[in-house]
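Please look over the chain shown below before reading on. The report is meant to be read side by side with the sequence and the model.

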Amino acid sequence: MVGRSYVLGIGAAKSGTTTLATLMSQHPKIQKSIKGKEVHFFDEKFDKGSNFYHDQWNLDFDGGICLDFTPSYLFDPACRDRVLNVLGSDVKFVAILRNPIDRAYSHYCHAVKHWHKPEFRPRGYPIEDLSFMDALLVEDTRLASGEFHIRHQSYFSKGLYSRQIKWYYKAFPIKNFRFIIFEKFISDHVSHLKALYEWLGVDSGFAENQKIIKKNSQTFGEIPLEAKDYLHEKYLPAICELEQLIDVELTTWK
């Protein structure tokens, strides 16, 4: 592992993480895992040990950055201390955050579209058979039941970014984090990539010729108005807190 450093993309799910990870991994100094974008070590495979984790990148990849972009790391509270124990306090984190109302609906749409399929049955995914609004109303009960992993039907909870970020701030220096707002990134990805590469200490000029390709979009139709109004009221305090926490203006979310 001589000369290697690690960057964790910790979220947020359904916020353009696949697009950002794809662009980052195009950089000659940044390499994704040999298994792809998401390693899922700190949430699902931690019992395999640290050597397993380090082996997820080519052994001859020295002098560069190993990128693990697993969005559930931000939401699963167990991940924080596991990251600290394996990678130390100098590891860097990148998170792209989307309007939480849009994120929640995209998450729900993904569940409806895919989780009933045969390939998801052995993996223990729930079948989503409720409307979006009904699913939001029973979310706390579902999560408290322990029947499924907390990341699955946490449509509302995953959008409480400030709570999740504060949890990480208790263990890692604030300077170790880079936050990107999804809507701003989509409108001007080059400048955001350049700033990100500069922060990571790699050639920022590489961003000039990178083209953005929308990936993994799941949303269908408009968000039901009842659910949109419900989420707007519930998310507003957390959005205001997030503005202060990461020093970014989020008027369009409010």
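What follows is a report on the fold, the sheet, its covering helix and some individual residues.

## Overall form

The model is predicted, and the chain in it contains 12 helices and 5 strands. Along its principal axes, the C-alpha trace spans about 50 × 40 × 35 Å. A compact globule of 254 residues would have a radius of gyration near 18 Å, and the chain agrees with this because its own value is 18 Å.

Of the 254 residues, 52% count as buried, while the accessible surface of the chain comes to about 12100 Å², with 52% of that area belonging to carbon and sulfur atoms. When contacts between residues at least 6 apart in sequence are considered, 76% of them join residues at least 24 apart.

## The sheet

The 5 strands form an open sheet in which the order is β2-β3-β1-β4-β5 and the pairing is parallel. At the edges stand β2, covering residues 30–32, and β5, covering residues 177–181, each of which pairs on one side only. Direction ignored, neighbouring strands of this sheet are turned by 25° against each other on average. In general, the strands of a sheet pair through backbone hydrogen bonds, either parallel or antiparallel.

Strand β3 is joined to β1 by 5 bridges and to β2 by 3 bridges, and the strands run parallel in the pair of β1 and β3 as well as in the pair of β2 and β3. Isoleucine 65 of β3 is the bridge partner of serine 5, and isoleucine 65 is also the bridge partner of isoleucine 30. Elsewhere in the sheet, 5 bridges join β4, residues 92–97, to β5, and these strands too run parallel; here leucine 97 stands opposite isoleucine 181 in β5.

## Cover on the sheet

Helix α1, made up of residues 17–25, packs on the sheet and touches β1, β2, β3, β4 and β5, with a direction that makes about 165° with that of β3. The helix is mostly covered, since 7 of its 9 residues are buried, and these are Thr17, Thr18, Thr19, Leu20, Ala21, Leu23 and Met24.

Strand β3 is likewise mostly covered, with 5 of its 5 residues buried. In a regular strand the side chains alternate between the two faces of the sheet. Both faces of β3 are covered, as Ile65, Leu67 and Phe69 on one side are buried and so are Cys66 and Asp68 on the other.

## Cysteines

How many disulfides does the structure hold? The structure holds 0 disulfides. For cysteine 79, the closest cysteine sulfur is that of cysteine 66, and because the distance is 18 Å, the two are too far apart for a bond. Cysteine 79 counts as buried at 0% relative accessibility, and cysteine 109 is buried with a relative accessible area of 0%.

## Arginine 142

Arginine 142 is found in helix α8, which covers residues 139–145, and is buried, with a relative accessible area of 17%. Leaving aside neighbours within four places in sequence, arginine 142 is in contact with Glu128, Asp129, Leu130, Ala135, Gln153 and Tyr155. Histidine 152 lies 10 residues away along the chain, and the C-alpha atoms of arginine 142 and histidine 152 are separated by 9.8 Å.

Terms used
Residues are numbered from 1 along each chain as its sequence is written. This is a predicted model: local features need pLDDT of at least 70, side-chain atom pairs count only at pLDDT 80 or more; totals for chains, interfaces and linings use all residues. Side-chain values use heavy atoms; hydrogens and water are left out. Two strands pair if DSSP finds at least two bridges between them. Helices (H or I, at least four residues) and strands (E, at least two) are DSSP runs, numbered from the N terminus. Axes are lines fitted to C-alpha atoms, for helices over the stretch in contact, and angles run from 0 to 180 degrees between N-to-C directions. Contact means heavy atoms within 4.5 Å. The radius of gyration is taken over C-alpha atoms; the globule rule is 2.2 Å times the number of residues to the power 0.38. Buried means under 20% relative accessible area, exposed over 50%, partly exposed in between (1.4 Å probe, protein chains only). Accessible areas come from the Shrake-Rupley method with a 1.4 Å probe; for residues, only the protein chains shown count as cover. A disulfide is a pair of cysteine sulfur atoms within 2.5 Å.
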